[in-house]
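Hi there,

Here is the structure I promised to send over. Have a look at it first, and then read on for my notes.

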There are 2 protein chains.
Amino acid sequence: MEIKKINITHKFSSFDDYWSPKIVGELNNQLVKLAKFKGEFVMHHHENEDELFYVIDGELYIELNNKTLYLQAGEFVVIPKGVSHKPYAPEEVHVLLFEPAATLNTGNVNNSLTVSDPNTI
Amino acid sequence: MEIKKINITHKFSSFDDYWSPKIVGELNNQLVKLAKFKGEFVMHHHENEDELFYVIDGELYIELNNKTLYLQAGEFVVIPKGVSHKPYAPEEVHVLLFEPAATLNTGNVNNSLTVSDPNTI
């Protein structure tokens, strides 16, 4: 397989839909995904996967059971497996996700926001 | 364990040494590390680990056997296991690394650049 660099800005400019992570890299059975969020997601948790949210551009809130995290560009957080979380963003935010390949975006919840087979871009 | 966000700029301002990755996050037995590079590293490979280099600030070259990659801020590349690579940077570059916890910075090479027990910052 050819080894090619990925330009994150270019990748973000190639899609517009919210809450639909796109695969941009794979390593060690983990995926690097990019997503645009706007509005409210669903409270959920992942049974077996820790999940990293890294804000590339904009502002992201992640509601937990006992507090709400606030992240700006250049900040990341790891949500451990089993921890309920609900991302929301008053304005569009660009997020890089790092998580095991098996991770479903809505975790233990299955609803209209669930993306069971994310695209690679 | 308390869930806390990490500000990458703040973390980079907390150390000055080159070629000595610092641990800033852990998830799914993978580590997120930050490193400052300047000058030439050693050509090496990782037997069992794919490695991601994401440039936060500056310019990074990665020499492979058949070509040289050039990355600027906002670009990343995955170097698959077994692939020889030699990072170099004419000027200081800030890099975020994603890799399995078992990854040694100099891979199959053991020399003065080897950091066998990276610090968490």
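Below is what I found, going from the whole chain to the chain pair and then to single residues.

A word on conventions: this is a predicted model, in which local features need pLDDT of at least 70, side-chain atom pairs count only at pLDDT 80 or more, and totals for chains, interfaces and linings use all residues. Residues are numbered from 1 along each chain as its sequence is written, chains are lettered from A and ligands numbered from 1 in the order in which they are written, and side-chain values use heavy atoms, leaving out hydrogens and water.

**Chain A as a whole**

Chain A has 1 helix and 8 strands (DSSP runs numbered from the N terminus: H or I of at least four residues for helices, E of at least two for strands). Read from the N terminus, the order is β-α-β-β-β-β-β-β-β. With a radius of gyration of 14 Å, close to the 14 Å that the globule rule gives for 121 residues, chain A is as compact as a globular protein of that length (the radius is taken over C-alpha atoms, and the rule is 2.2 Å times the number of residues to the power 0.38). The C-alpha trace spans about 45 × 30 × 25 Å along its principal axes.

Of the 121 residues in chain A, 55% are buried (buried is under 20% relative accessible area, exposed over 50%, partly exposed in between, with a 1.4 Å probe and protein chains only).

**The two chains together**

Between chain A and chain B, 37 residues of chain B are in contact with 37 residues of chain A (contact means heavy atoms within 4.5 Å). The two chains bury about 2900 Å² between them, with 62% of it on carbon and sulfur atoms (buried area is the accessible area, 1.4 Å probe, that two parts lose on being put together, summed over both). Ile3(B), Lys5(B) and Phe76(B) supply 26% of the area that chain B buries against chain A, more than any other three residues.

**Residues to look at**

Most residues other than glycine have a negative phi. Trp19(A), not a glycine, has a positive phi of about 60°. Trp19(A) lies in the loop between helix 1 (8-12) and strand 2 (22-27), and counts as buried at 7% relative accessibility. Asn28(A) also has a positive phi, near 50°; this residue sits in the loop between strand 2 and strand 3 (30-40) and is buried, at 17% relative accessibility.

Glu2(A), in the segment before strand 1 (6-7), is exposed, with a relative accessible area of 56%.

Best wishes
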